[in-house]
Amino acid sequence: MEDNLNMTCSDIRKKLKAFLDDLLAEDEYQAFVAHVDHCKECNDYVRKIGSISNQLWELGDIKAPSDLASTILFRLKQAEQEIRKPKFVISKKLGIGILVVALTVPLIFLGVYHLKSRKRPQDVGETPTIEVHVGRKPAISRREAESLLGELKGIAARLGVSKKEKAVESDTGREEEAIEEDAGRTTPVRKEALLLVPKPLHWHFLYAKERNLKREEAQRKAGLTNAVNSPGIITDYQTESLLVFTAKGEKIENVLEKIILMSSGSSFLRDYTPMVSVDPNQEHRVSVYFEKETASVRHWHATCVPSQEQRLLDVIREESGRINYESEELIVFSISKDAIKKLKARILAMRIDFSEFDYAESKEGRLQSGPVEISVYISNR
Amino acid sequence: MPGRDCSDIGRSTPDNEGTVKLLAEQYQQRIFALVLYLIGDDRDKAYDITASSFVEALSTAPSLEDKNAFLVRLIRIAIEKSRDAKIIPFSEETDFADFPPERKNSLLMVKKALQALTFNEKALLLLRDQLHLSYREISAIFRMSEGDARIQTVRARIRIRRKVEEILSGGG
């Protein structure tokens with residue numbers, strides 16, 4: 001680090017606020033951190049400030065288990081020894097094949113028959129699956145067969161691979177099982193999880209703070225919708241609480257500018273877009289939720305890896321009554337009040353990050369009878 | 001970040017046990033904390049992930065001369081492993097039992113708010129505010145541009161502030 005970037009204790013006090021707001025240039029930030037790491041007095045001084053950033057910093061002070069370093073060294077040595085062992089290599093495929101044949105041979109001698117009709121290998125989902133076909137006249141009871149199936153599944157889970165198993169019935173009664181290891185399956189999912197897929201823009205526009213709208217609050221919503229109703233901007237979907245429009249990036253910036261001028265700042269507009277790269281020359285879609293503090297828009301956010309998205313959409317389609325609007329990142333549907341709880345439970349069971357942006361127990365919500373309209377904004381993690 | 005200046009390691013190869021021990025001791029606590037806050041209240045799992053992340057990072061590092069590159073690799077591996085782990089909500093038990101009640105409550109509140117964030121949001125905030133990584137390093141870990149790393153971290157910070165406000169107002 002260059003000398004002119006070394007900070008003094010006096011510098012720390014001057015730059016404290018900027019540090020806490022994460023507004024320092026990177027080299028200053030690193031110099032600040034370096035000084036605070038080595039200067040106890042400044043460390044105590046900075047940490048006294050009860051900002052959320054500092055508290056996140058303080059949360060990191062938990063003690064790691066004392067034997068962690070030695071465990072790391074031990075495991076590293078083990079790993080090195082494994083590499084150095086003389087190798088009789090059994091490939092993973094062969095190993096799994098031997099294991100499964102060894103387990104299924106007893107089944108053959110116990111008289112488990114496969115169904116005559118061939119069954120296509122099932123697509124591998126996110127969990128390992130193994131099919132065992134049980135014939136019409138099993139020599140063992142169904143309960144015993146299911147117990148064996150459970151054991152095989154447990155083995156598959158421990159091996160941590162996804163398998164396709166094809167059962168072939170030959171005339172002589174011998175069975176051949178081919179097991180394919182879908183070894184690359186998890187890696188693409190991880191890559192997808194790391195790559196953030198850009199999603200169109202998503203705003204929440206708080207246009208009214210009180211039930212009885214003041215004049216300027218009524219004008220605020222009108223101002224935004226008027227800004228959108230201009231040449232070059234296409235309205236894709238519009239209700240009282242939701243507006244979806246498409247425009248080139250430069251037009252969207254014009255809309256933003258009008259909002260800022262109209263509301264003397266952008267405090268009314270909250271941007272929930274997971275990833276922003278607004279290209280002025282490219283078209284972007286924007287979804288805008290109009291909110292009043294006293295009333296709710298039934299609106300959820302679901303954050304999931306791309307491979308979960310289709311399942312999520314399928315679940316929503318199954319549970320809802322009608323799809324009102326659908327785009328790449330947003331689905332708006334009508335659903336009976338009774339079905340909402342079940343839908344939420346199914347979404348949560350998928351281990352999807354799920355947030356509700358409804359203001360609970362709004363009077364409108366309680367009074368409303370009939371189907372409820374809900375919109376779900378889906379973003380990628 | 002404590003111990004980021006590893007200039008005393010000098011030229012090193014993965015075979016150097018002393019170097020490895022030094023790296024493990026310098027980074028283990030921060031990586032353990034990072035993993036724990038990502039996966040929730042499962043210290044055994046956090047221990048396992050931390051140890052296996054170090055082993056993987058050390059085994060695959062061409063050399064340990066570039067300490068920052070090693071750290072980026074280590075953190076990336078730890079985050080990937082944490083992403084696959086089942087997340088368990090934190091119980092009210094805390095490591096800060098000896099703290100004054102007000103300070104302890106404040107930390108618990110932030111911890112609760114952190115749990116409500118998405119995985120990526122948590123990771124970004126912890127990398128910036130807890131480990132004090134630069135946005136360049138964060139962007140290398142997440143394989144995104146520096147600008148996007150900064151924007152998303154700022155958004156995550158806004159979100160956690162809102163969550164803390166919700167909790168303070170009794171809505172959390």
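A residue counts as exposed here when its relative accessible area is over 50%, and as buried when that area is under 20%. Keep both cut-offs in mind for this tour of a predicted model.

**Stop one: helix H1 of chain A**

Select residues 9-20 of chain A, which form helix H1(A). Check the length first.

Now colour the buried residues of H1(A): Ile12(A), Leu16(A), Phe19(A) and Leu20(A). They cover an arc of only 90° around the axis, which means they sit on the same side of H1(A). Turn to the other side of H1(A). Lys14(A) and Lys17(A) are exposed there.

What do the buried residues of H1(A) pack against? Show three helices of chain A: H2 (26-38), H3 (40-48) and H4 (52-59). Then step past the end of H1(A) to Asp22(A), where phi is positive, near 60°.

**Stop two: the largest nonpolar core**

Move to chain B and select Ile75(B), Ile79(B) and Leu127(B). In the largest nonpolar core, of 67 residues, these three touch the most other members.

Centre on Ile79(B). Its contacts include Leu34(B) and Leu38(B). Phe119(B), Ala123(B) and Leu127(B) also touch Ile79(B), as do Ile141(B) and Phe142(B); residues up to four places away in sequence are not counted.

**Stop three: a separate core**

Another core, of 21 residues, lies apart from the largest one. To find it, select Cys304(A), Phe333(A), Ile347(A) and Ile352(A), which are among its members.

Key:
Residues are numbered from 1 along each chain as its sequence is written. Chains are lettered from A and ligands numbered from 1 in the order in which they are written. This is a predicted model: local features need pLDDT of at least 70, side-chain atom pairs count only at pLDDT 80 or more; totals for chains, interfaces and linings use all residues. Side-chain values use heavy atoms; hydrogens and water are left out. Helices (H or I, at least four residues) and strands (E, at least two) are DSSP runs, numbered from the N terminus. The expected span of a helix is 1.5 Å times one less than its number of residues. Buried means under 20% relative accessible area, exposed over 50%, partly exposed in between (1.4 Å probe, protein chains only). The arc is that of the directions from the helix axis to the C-beta atoms. Contact means heavy atoms within 4.5 Å. A nonpolar core is a set of buried Ala, Val, Leu, Ile, Met, Phe, Trp, Tyr and Cys residues joined through side-chain atoms within 4.5 Å.
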